[in-house]
Amino acid sequence: MTGDGAAPEDAPDAPEPDAATPPVVLKLGGSLITEKDRPETLDGAALDAACDAVASALAAGAVERLVVVHGGGSFGHHHASKHGVSTTAGTSEADAVMDIHGAMTELNRAVLDRLRDRGVPAIPVHPLSLSARPAGPDGDLDLPLSSTATLLGEGFVPVLHGDGVATAGAGVTVVSGDELVVELATGLGARRVGVCSTVPGVLDGDGEVIPAIDEFGAVADLLGASDATDVSGGMAAKVRELLALDAPAHVFGAAGLEPFLRGEDAGTRID
Ligand SMILES: Nc1ncnc2c1ncn2[C@@H]1O[C@H](COP(=O)(O)OP(=O)(O)OP(=O)(O)O)[C@@H](O)[C@H]1O
Ligand SMILES: C=C(C)CCOP(=O)(O)O
C-alpha cells in the first residue's frame, strides 16, 4: 500500500467523463479480492489484477463513468459472523459495529490505494455514514445518492463497500455490497452492472456456467449460500437482487472482468 495513493507520473490520462453518460456499476466480490477463509487476508494478486483491468478500461475510454462496490470477504463477514450480525440480525454494541466497520474500511483503503496507484481517481463512500433501514423484514434500504452522483459528475470513481447500516429496532445490521449495487444501479440509472466473484458465473448442477437467467424460480434449486463464511446470502441473494434491476447485470469471474468492462457479455447475464 502507498501512503497517500497519489497517481504515479506515468499513469495514463483518463478521458474526461461525460456527465450525460449513465454509469457502469461494478462489484468486486469479497471472495475475489480476499482469501475468504483466512480472517482479514487480502488476495493481493487478484486485487491487483482487478485494479489493472479497471484502470485500463478507464484509460482507454471503454468506461466513462464508474462506481465500484466491494464486498466483505474475510474482512467483514468474519467479524459480522463472530458478533452474530447479518443482514437481518443486528447489534446494539458499539464495539461490534466498529469491529465490522473498521475491518471494512481497512479493506476499502486497500482497494482505494491500489486503484489510485494506477491513476484511478477513487474516493471512498462509507454506507454506515449515509444509509439506514426502517424496522421490519421488508424495510427498503435508504441510501441517499447525492454524494455518489456528485462525485461521479466531478470525475471521481466512488468506491462503496458492504458495511454496517443503522436499522430501526435492531441497532446495526449488515448491508451487503449486492444490495448497494442494486440501489446504485437503480438510483443512478446504470448502463450496465457487473458482479465479479471467484466463480466464472452462476453454475448449473454440472458446474457449467448458465449463460442467462431471467427468472428466479428457474434456477432457485441450483443457488446456494457461499462456500465461505458469509452473512449476506451468497449466490442466491445475489441473483434475486440482480433480477430486480432494469439494467442488464453480469455475474462473472476474474477472467470476465476485462470483457465486461469492454462492453462484452461475460459469465451469466441476468435480466
Ligand atoms: N449455483 C451457484 N453458482 C455459483 N456459485 C454458487 C452457486 N451456489 C452457491 N454459490 C456460491 O456463491 C459464492 C459466491 O457468492 P459470495 O457471496 O461468496 O461471493 P462474493 O460476492 O464474491 O463475496 P462477498 O459476499 O464477500 O462480497 C461462490 O463462491 C459459491 O460458493
Ligand atoms: C459483512 C459485511 C460487513 C459486508 C457484506 O457485504 P458482501 O460481502 O457484499 O455481502
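Strand S4 and strand S6 (residues 163-167) are paired in the parallel sense over two bridges, where pairing requires that DSSP find at least two bridges between two strands. Helices (H or I, at least four residues) and strands (E, at least two) are DSSP runs numbered from the N terminus. Within this pair, Ala132 lies opposite Ala166 of S6. The structure is a predicted model, in which local features need pLDDT of at least 70 and side-chain atom pairs count only at pLDDT 80 or more, while totals for chains, interfaces and linings use all residues. Residues are numbered from 1 along each chain as its sequence is written, and side-chain values use heavy atoms, with hydrogens and water left out.

S4 and S6 belong to an open sheet of three strands with mixed pairing, in the order S4-S6-S7.

The largest nonpolar core comprises 37 residues, of which Leu184, Val193, Val239 and Leu242 touch the most other members. Such a core is a set of buried Ala, Val, Leu, Ile, Met, Phe, Trp, Tyr and Cys residues joined through side-chain atoms within 4.5 Å; buried denotes under 20% relative accessible area, exposed over 50%, and partly exposed the range in between (1.4 Å probe, protein chains only). Elements that each supply at least two residues of this core include strand S2 (66-70), helix H6 (177-188) and helix H8 (234-243). The largest share, six residues, is contributed by H6. A second, separate core of 33 residues includes Cys51, Leu66, Val111 and Leu112. Helix H8 is mostly covered, with eight of its 10 residues buried; among them are Lys238, Val239 and Leu242. With residues up to four places away in sequence not counted, the contacts (heavy atoms within 4.5 Å) of Val193 include Val181, Ala185, Leu242 and Phe260.

Helix H3 (residues 73-82) and helix H4 (residues 94-117) pack at an angle of about 175°, with axes 8 Å apart. Axes are lines fitted to C-alpha atoms, for helices over the stretch in contact, and angles run from 0 to 180 degrees between N-to-C directions. H3 is therefore roughly antiparallel to H4, a class assigned to angles over 145 degrees. Residues of H3 including Phe75, His79 and Ala80 meet residues of H4, among them Asp99, Ile100 and Leu107. His79, located in H3, counts as buried at 9% relative accessibility. Apart from neighbours within four places in sequence, His79 contacts Glu40, Asp99, Ile100 and Ala103.

Key
Chains are lettered from A and ligands numbered from 1 in the order in which they are written. Angles under 35 degrees count as roughly parallel, over 145 as roughly antiparallel, 65 to 115 as roughly perpendicular and the rest as oblique.
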